[in-house]
Amino acid sequence: MKVIVCKDYQEVSEKSAEIVAQVMKDKPNAVLGLATGSTPEGMYAKLVEMNRKGEIDFSDITTVNLDEYFPISPDNDQSYRYFMNKNLFDRVNIDKSRTNVPNGAANDGEAEAARYEAFVRSLGGADIQVLGIGRNGHIAFNEPDVELVPVTHVTGLTPDTIDANARFFASADEVPTHALTMGMGTILSAKKIIILANGKGKHNAVMKMLKGTVTTMCPASFLNLHDDVTLVVDEECYNG
Ligand code: GLP
């Protein structure tokens, strides 16, 4: 795994945006695999700025997001669809019909998961997948467990993740208990992967991943199976 250590969050955002922008310049109809969470917000702001300056063009871009709460309405301001519209899609020249987030409002979660998996595979996987990392080493909503599901699936959230996400909701009781998420196999089907991390809170998870071994108890460690992964991390997170 390649590691880029940045001095602060601002630099993490800039460096990661540059990597995504390069993929878009090399392939104007690229498939971008996107992530939510607070970590990539700065990267999205930078991509919006580059789009406004005419440096990058989203008109032929397709996007596939990693995950979505389940069940949740796309209009709920805590849904990942809402997050993506607000932080990126509504602010750049993208064709909204080519932006894809698992449908948190689907009646049948398993059927939606199967549809989404088939769709991502039909695209041949993402040209670049952007990832964050959970404090416990989770990726998207693939939580540490004795077994992992490789494909898109419905999953329960761990108390730690519910707790970490509670800050966005009025209370922990309102955080959905389930989610639709790509599996590690779906994620590893991307041609290139960048994983962003900042702050001390992610230090342990990042170190476990950088050990180079693979364990289901740290889903991020599965990225060691891929040969084009770049960690973009700030000094605080890297040094602990
Ligand atoms: C959520 C998301 C993940 C994200 C993680 C870290 O659980 N499902 O995709 O990587 O949180 O979020 P943050 O960047 O806010 O720390």
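How many helices and strands does the secondary structure of the chain comprise? The chain has 8 helices and 10 strands, where helices (H or I, at least four residues) and strands (E, at least two) are DSSP runs numbered from the N terminus.

The model is predicted, so that local features need pLDDT of at least 70 and side-chain atom pairs count only at pLDDT 80 or more, while totals for chains, interfaces and linings use all residues. Residues are numbered from 1 along each chain as its sequence is written, and side-chain values use heavy atoms, with hydrogens and water left out.

**Overall form**

A compact globule of 240 residues would have a radius of gyration near 18 Å, and the 16 Å of this chain agrees with that. The radius is taken over C-alpha atoms, and the globule rule is 2.2 Å times the number of residues to the power 0.38. Further values for the chain follow.

| Property | Value |
|---|---|
| Box filled by the C-alpha atoms, along the principal axes | roughly 45 × 45 × 35 Å |
| Buried residues (under 20% relative accessible area, 1.4 Å probe, protein chains only) | 53% of 240 residues |
| Contacts (heavy atoms within 4.5 Å) between residues at least 6 apart in sequence that join residues at least 24 apart | 79% |

**The sheet**

Strands of a sheet pair through backbone hydrogen bonds, either parallel or antiparallel. Here 7 strands form an open sheet with parallel pairing, in the order 1-10-9-6-2-3-5; two strands pair if DSSP finds at least two bridges between them. Strand 1 (2–6) and strand 5 (99–100) are the edge strands, each pairing on one side only. Strand 5 pairs with strand 3 (residues 62–65) in the parallel sense over 2 bridges. Opposite Asn100 in strand 5 stands Val64.

Conventions:
Buried < 20%, exposed > 50% of the residue type's maximum accessible area, 1.4 Å probe, protein only.
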